Amino acid sequence: LLDAIQAPGEVRVKVRGSIVNAGPTSLIQTGNLILEVANGGIGFIPDAGSGPTIAPLNIGLNPNATLIARAADNVSIVEAGDLNVDTVFSRKAVELTAAGSILDAFPDTGLNVLSDSMTLTAQAGSIGSAGNPLDVGVNPTGRIHASAIPGGVYLHGPFQASFNIGSVSAGEIARLSADINMLIDGPVNAPGQLGLVAGGDIAMTRNAQVTAGTIGALINSGTLTMQDGASLTVGLGTISIT
């Protein structure tokens with residue numbers, strides 16, 4: 001149970017069980033933060049007979065500090081400002097929320113977030129950036145959910161994992177790219193430009209409702225498949241498919 005940690009430098013917390021806040025006002029304020037959990041979760045304690053404990057870990061990293069978090073179970077972290085992600089790993093679900101933006105801490109294509117499924121929420125900023133998208137991946141049956149209002153959503157799927165989109169809600173531009181294949185299985189909305197790029201196939205299930213605003217939609221892939229019921233819509237812009 002973590003109540004308060006304040007340090008200008010790096011902090012590492014390594015436990016066998018779980019890491020959660022001691023209370024609703026608990027806050028971890030550090031430089032680079034490394035959290036390692038062997039059997040439990042971060043911001044989550046698995047069910048031991050009376051139901052699971054959900055207590056998202058509240059952090060407020062120092063400017064330019066990075067986050068590494070690894071857990072066997074669910075990971076739930078809330079950042080008070082911008083969240084610079086080095087790597088976050090879970091065999092189950094990951095939920096990251098930032099009051100500002102969720103960003104890739106380094107300009108590379110290594111996986112930033114890998115989990116069974118994930119939910120990313122940037123409350124007043126963007127997820128990734130145009131020059132350095134957030135590199136994410138899930139298991140073949142998992143889904144990625146991302147919301148950034150009023151900012152943009154920039155996600156990339158490296159070849160090491162599946163890039164399966166469950167939903168994307170952007171405040172401006174959304175750009176999704178994958179080294180190999182991309183699956184869209186839900187609503188993808190961007191009031192500005194929408195870009196979908198895949199080295200292999202882009203497959204839209206019947207649940208895919210892809211909507212772009214005034215600039216239009218750009219799609220570039222090996223193949224594009226839309227099941228009956230899927231839709232691709234723009235406002236005042238155009239649709240370009242290569």
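User: Before we start, what counts as buried, and what as exposed?

Analyst: Buried means under 20% relative accessible area, exposed means over 50%, and partly exposed is in between. Keep in mind that this is a predicted model.

User: Thanks! So how much of the protein chain is buried?

Analyst: Of its 242 residues, 50% count as buried.

User: And how many helices and strands are there?

Analyst: The protein chain has 28 strands and zero helices.

User: What is the radius of gyration, and what would a compact globule have?

Analyst: The protein chain has 18 Å, and a compact globule with 242 residues would have a value near 18 Å, so the two agree. Along the principal axes, the C-alpha trace spans about 50 × 35 × 30 Å.

User: What share of the contacts comes from residues 24 or more positions apart?

Analyst: Such pairs account for 32% of the contacts with a separation of 6 or more.

User: Switching to the surface, what's the accessible area?

Analyst: The accessible surface comes to about 10400 Å², and 53% of that belongs to carbon and sulfur atoms.

User: How many positive and negative charges are there?

Analyst: There are 9 positive and 18 negative charges, and their mean positions are 8 Å apart.

User: Let's zoom in. Where is aspartate 3?

Analyst: Aspartate 3 is in the segment before strand E1, which covers 4-6.

User: Is aspartate 3 buried, exposed or partly exposed, and why?

Analyst: Aspartate 3 has a relative accessible area of 48%, so this residue is partly exposed; the cut-off for exposed is over 50%.

User: Which residues does aspartate 3 touch, leaving out those up to four places away in sequence?

Analyst: Those are Ala22, Ser26 and Leu27. With serine 26, the aspartate 3 side chain makes a polar contact, side chain to side chain, at 3.1 Å. Alanine 22 is 19 residues away from aspartate 3 in sequence, but their C-alpha atoms are 4.9 Å apart in space.

User: Nice. Now asparagine 164, which strand is that in?

Analyst: Asparagine 164 is in strand E18, residues 164-170.

User: Buried or exposed?

Analyst: Asparagine 164 counts as buried because its relative accessibility is 7%, and the cut-off is under 20%.

User: What lies 3.2 Å from a polar atom of its side chain?

Analyst: That's the backbone oxygen of glycine 142. Not counting residues up to four places away in sequence, asparagine 164 touches Val138, Asn139, Pro140, Thr141, Gly142, Arg143, Ile144 and Leu183.

Notes:
Residues numbered from 1 in each chain as written. Predicted model: local features only at pLDDT ≥ 70, side-chain atom pairs only at ≥ 80, totals over all residues. Heavy atoms only, no water. Helix = DSSP H or I, 4+ residues; strand = E, 2+ residues; numbered from the N terminus. Rg over C-alpha atoms; globule rule 2.2 N^0.38 Å. Buried < 20%, exposed > 50% of the residue type's maximum accessible area, 1.4 Å probe, protein only. Contact = heavy atoms within 4.5 Å. Areas by Shrake-Rupley, 256 points an atom, 1.4 Å probe, with all protein chains shown as cover. Lys, Arg positive; Asp, Glu negative; His and termini not counted. Charge placed at Lys NZ, Arg CZ, Asp CG, Glu CD. Polar contact = N/O pair within 3.5 Å; in protein donor to acceptor, adjacent residues only side chain to side chain.
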